[in-house]
Amino acid sequence: MRTDPLTTVRNLGILAHVDAGKTTVTERILYATGTTHRRGEVHDGTTVTDFDPQERDRGITIFSAAVSCAWQGHRINLIDTPGHVDFADEVERSLRVLDGAVAVFDAVAGVEPQSEAVWRQADRHGVPRIAFVNKMDRPGARLDDAVASLRERLHPAPLAVQFPIGAEDTFTGVVDLLRMRALTWNDEGEARDPAPVPDELREETLRRRRLLEEAVAELHPRALEEFCATGALGTGTLESALRDLTRSGDAVVVLCGSAYRDRGIEPLLDAVLAYLPSPLDVPPVRGTDDDGRERERAADRTAPLAALAFKVTATATGRLTYLRLYAGTIEKGDTVWDATARRTERIGRILRVRADRHAPLDRAVAGDIVAVVGPKSARAGSTLCAPDAPLLLEPPGVAEPVVSVAVEASRGTDTGRLADALARIAEEDPSLVVRTDPETGQTLLSGMGELHLEVAVEKIRREHGLGVGVGRPRVSHRETVARGVSGFVYRYVKQDGGAGQFAHVVLDVEPLPSAEPGFTFRSTVTGGRVPQEYVRAVEAGCRDALAEGPLGGDPVTGLRVTLTDGSTHVKDSSDTAFRTAGRLGLRGALRACAMVRLEPVVEVSVTVPEDAVGGVLGDLAARRGRVTGSVARAGATVVTATVPLAELFGYATRLRSRTRGRGTFTGRPTGYAPAPPR
């Protein structure tokens, strides 16, 4: 296969709330580009990207899937990401390696909780986006309402470059406001030739075009000059300005359509090429060399290799490591340096990925997203680079687990096999953590939510043929300081023959403002009473002490520790002594503080028929929920509330029972709140 020039490569992700139609959009893109020859359907379990048996059984995307296709001479590497909140870490790892994204929204619901969550994730990574308002054929679909929700909750400048022809079941196409033409599709989803705007829509088209020009002129200096000089914007200027605004993040281009009915996909692909960046349009990747100095490496196939592993899977044909190449070239048989594990690896095979199918390649170049077979130590977040030009890239962040279950093999003889299976799934998914409870000796599997753990356990059962028993889910609590202490003195003195150990520290402990998570440390010691190297040791000891709080042994967060004074011994003081003093001193200080136990809380959106609202509100109150809003939408009521995560186990079943199967809910973590006394 001919390697595409970098200017004709697009690396993008599809982001959305669960059930917004994200996977259907991906399927229609594959069909429109000729990559597939039939339309896959989520409800039939025939989609390319939802290839895992659990995804097909549940009808949702669980694992991010990479596919590659071609459109108008461009190579598009596309990642279909999960929309469920429990799999947000999959989205995080994907966003780390993407240059752009298409955010899909339901035309009826507009911005939903997980839409907002993935949008904020993309903000953190600086990923340019365009928006696609899907399901325009649904009853209650309104483009203007969806754009208004975008403006209110996500971005101040959503710019609609289309508007629909027809509404709900009469939706047949869109008006292209840039080229002032009508784009329509027949009942089979085949695009008709572009046509002039119908007379009855002419006035509305001119009005919307004028609004678009004014909005762009306000945001783009060069467009403003032309607008002031001529009173209008030409199509070329408008398109160029929209490209600049999208790539800078100052505006979001909005398109619309119905992926299920194959309407609006081709203009969406054109917009991906026109507005989203190529690897050459994004800043050079940054990393650190072996001396700890920051280096940049541009997207150049002749530069030394720099690639980031963002996903690892075990398949029947071997271990696959998914890579984004930022610089350089990699060929089959090459030896590369794993800068994270600090060992060399050999590349056995290079594969172009299409979900669960793969096409062999002889080489991959900067800008590519491929899978490789061969590396044994690489994990999600590992850097593979040229051995003679090492560069360590920043790995994707990993969220802390919030739910745990005890797992055990049904048969005692399978305990070793279960341990191996747990180690493998934790290797594939860094947001899963396996540990042993020190009190009970049970093996605990921790993850991002109830569904996340259900999927992991079912994966073990199916792929390893193991019987697995699972305990009741438990949430991960935290502890924090409600009222601190000042001047807490701790002396660490140990003399048991030979050189002794001595450290003296004075600590102030206080809560961080506004219940911020995390930990900060500072020193106000003057006069050199505690040398700087010992100050660092005290900080390290304090961080050690945060692992277990005084209330229930849960991690401690949301506090500031200040080292205000201390003293040393000319012979017996050392880094070890001061680290021990920091650890034991902070433990003692926390016992003297007023502490509060925290529990994870979730913002839920519950959609129920109007006749069931009362029962649902009562049930939320019984679960210690705090209702924050209620809005009527398309014959139903959407109730938003903040509920402790521990109270949501089994809620889906309870909600279906109360609403006769008509109620649904979604949630997203919002942090921690004080828990009731045990």
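**Exercise 1.** Which residue in E23 is the bridge partner of Gly287?

*Solution.* The model is predicted: local features need pLDDT of at least 70 and side-chain atom pairs pLDDT 80 or more, while totals for chains, interfaces and linings use all residues. Residues are numbered from 1 along each chain as its sequence is written, and side-chain values use heavy atoms, with hydrogens and water left out.

Step 1. Strands are DSSP runs of E of at least two residues, and helices are runs of H or I of at least four, numbered from the N terminus. Strand E11 covers residues 285–288 and is joined to E23 by two bridges, running antiparallel; pairing requires at least two bridges found by DSSP.

Step 2. The partner of Gly287 is Leu393.

**Exercise 2.** Describe the largest nonpolar core.

*Solution.* Step 1. A nonpolar core is a set of buried Ala, Val, Leu, Ile, Met, Phe, Trp, Tyr and Cys residues joined through side-chain atoms within 4.5 Å; buried means under 20% relative accessible area (1.4 Å probe, protein chains only).

Step 1. The largest core has 74 residues, and Val102, Ile130, Val216 and Leu242 have the most contacts inside it; contact means heavy atoms within 4.5 Å.

Step 2. Helix H9 (residues 265–275) contributes the most to this core, namely eight residues.

Step 3. A second, separate core comprises 33 residues, including Val402 and Tyr651.

Technical notes: Buried < 20%, exposed > 50% of the residue type's maximum accessible area, 1.4 Å probe, protein only.
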